[in-house]
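Let's take a friendly walk through some strands and the way they pair. Have the sequence and the 3D view ready as you read.

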Amino acid sequence: AGPSPCAPPPFWPRARAGRLGGAMGAETPPVPMELSPPTQAPAAAEGSAAGAAALAAGSGPGVAGAGGKDAGQRELPALKVSFYEMLLRQLQDDGFASEVLSLSKQLHIEPNTIVERDALLECYGRSLKWAFGDAPAGEWTPVVCSPVPPLRPQDRVLDFDASASKEESPVGIAAPTRRAPEIRLLYTAPHKQAVRAVAFSADGRSCATGDLSGGIKVLDCARMRACAASTEGPIGRMRVTEEELQRPVTRVLQDHLLSVTCLAFHPTNPTLFSGSMDKAVKIFDLTRPQGHKKALSMLQDVHPVRSLCIHPCGDFLMVGTAHQAVRMYDLQTLNCFTTFDQAQHHGAGVNDIRCTSDGRVFATASSDGSIRIWDAVSNRLVNTMPKAHSGAVVTSLRWSRGLRYLLSAGADARTRLWDVRTGQELFGMGFGPRSCDYGSAVFTAGERYVAGANSNSRIADVSLFDATTGSPVFTKLGMHQMPVRALEASPVDTTLMTACDDHNARYFAVEDKGS
């Protein structure tokens, strides 16, 4: 039987005294306490500093000294006794038997036989993670959500619990039988300047892209696929007319003064929201005639807008800006709300906001290096992942379809997968230099793969990783020659849209070949 969950760990500091040159005292309950000094001559007390120095040098003090036989006796704090016991056990586990005997004789301390093998090494590893922010600080509140629409038996989603029950390949070990998917470029949408934002509608029928000039294009996904089909197959044509190339573009919108940074479709209404460096959120009605390029309404802020997210109910808009507070707008009244507790705000700007499909929870990524989980009903902070990317800026977030996992990308040029039920990182994905200005990552092909991109010019393309192991499938797709600023996956099929600094937005198909 294992130890009681309420009992202290076996390496808890035990309040017993180890006296140099004397016998060990009796064990007492594991509570902090002040150990009374032993009876000793004044000369021995004066020589205690010398005894400590000798201990630090690796040699125990002699039994004879200025005060006689017991002059070297000295009390050790309980925490230090526990540390030496763990240290001796670790040396014993590593095969240093003679060294253990020597130190044990000098310290009059025996190795800890209660803890598991390599317990001190595991403690050290955990302490490093806490020091560099790779583990959440404080108590983690499990995040349990219900996907909407509910998952069907035939739906293929990311689920490590099911994989473990089927005894599939463990995390971190690639499945050797899986074939690499086929990547096909279906359509390229040119822009006037570098493309910086992309978004799909909830039904997957439309896609919007925005560029540095403030221009926005709305594209029809079915027409983009039809345009690709016209150049493929046995009767495919090698050349497509300019009119056919422009046919997928259903609207061109122009109402921002500066670069478009984010886009979001309303979940039920034909409405498009856009954020920009001009500190405004524009609301476009997509039912208006083609000639209308201006926004129907506007939300003005005092900070550049970085991210947008519409609550699944469609009544609220969450906005992230260069300011540390998340804004929540009521779309009926356009009133703005934020959490009343300023201590819960981020320490820097909010780079991305993503809400769960059931609308209970939303996550935010910030330039302060943290990821925060919020209650979408009360707008209160639930959990915090400080230094989620080892202190680097966090730039992108995505929820899995089953709402058990959260995918993040940061300025450390790495993508990380988190289990929101425990707050633990499952594994990281990435390669090459560990620095960039921005990064983004999405699930694709039924969450079988993760597509990632960042601003590092040495990569300058989209990389594809296995979502169940984190191993790279394609280090580069070979479709981009300049950094990819943003990418988004279709919610209904296996297509992917990228926004590149070469003034083009590209529409891909990720066709999984299976095992």
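This report looks at a few strands of a predicted model.

Strands of a sheet pair through backbone hydrogen bonds, and they can do so in a parallel or an antiparallel way. Here, 4 strands make up an open sheet with antiparallel pairing, and their order is S6-S7-S8-S9. Strand S6 (260–265) and strand S9 (297–300) are at the edges with a single partner strand each, so one side of each has no neighbour in the sheet. From one strand to the next, the twist averages 20°.

Now look at one pair in this sheet. If you find Cys 262, you will see Gly 275 of S7 standing opposite.

## Strand S11 and its two partners

Strand S11 (residues 316–321) has 5 of its 6 residues buried, so the rest of the structure largely encloses it. A residue counts as buried here when its relative accessible area is under 20%.

Which strands pair with S11? One is strand S10 (residues 305–310), joined to S11 by 5 bridges in the antiparallel sense. In this pairing, Met 318 of S11 is opposite Cys 309. The hairpin of S10 and S11 has 5 residues between the strands, and one of the residues to look for is Gly 314, with a positive phi near 85°.

Another partner is strand S12 (residues 327–330), which pairs with S11 over 4 bridges, again in the antiparallel sense. Leu 317 has Tyr 329 of S12 opposite. S11 and S12 also form a hairpin, with 5 residues between them.

## Strand S22, buried on both sides

Is strand S22 (residues 439–444) largely enclosed or left open? Its residues are buried, 6 of the 6, so S22 is largely enclosed by the rest of the structure. You can follow how the side chains are arranged: Gly 439, Ala 441 and Phe 443 point one way from S22, while Ser 440, Val 442 and Thr 444 point the other way, and all are buried.

S22 runs antiparallel to strand S23 (residues 449–454), and 6 bridges join the two.

How values were computed:
Residues are numbered from 1 along each chain as its sequence is written. This is a predicted model: local features need pLDDT of at least 70, side-chain atom pairs count only at pLDDT 80 or more; totals for chains, interfaces and linings use all residues. Side-chain values use heavy atoms; hydrogens and water are left out. Buried means under 20% relative accessible area, exposed over 50%, partly exposed in between (1.4 Å probe, protein chains only). Two strands pair if DSSP finds at least two bridges between them. Axes are lines fitted to C-alpha atoms, for helices over the stretch in contact, and angles run from 0 to 180 degrees between N-to-C directions.
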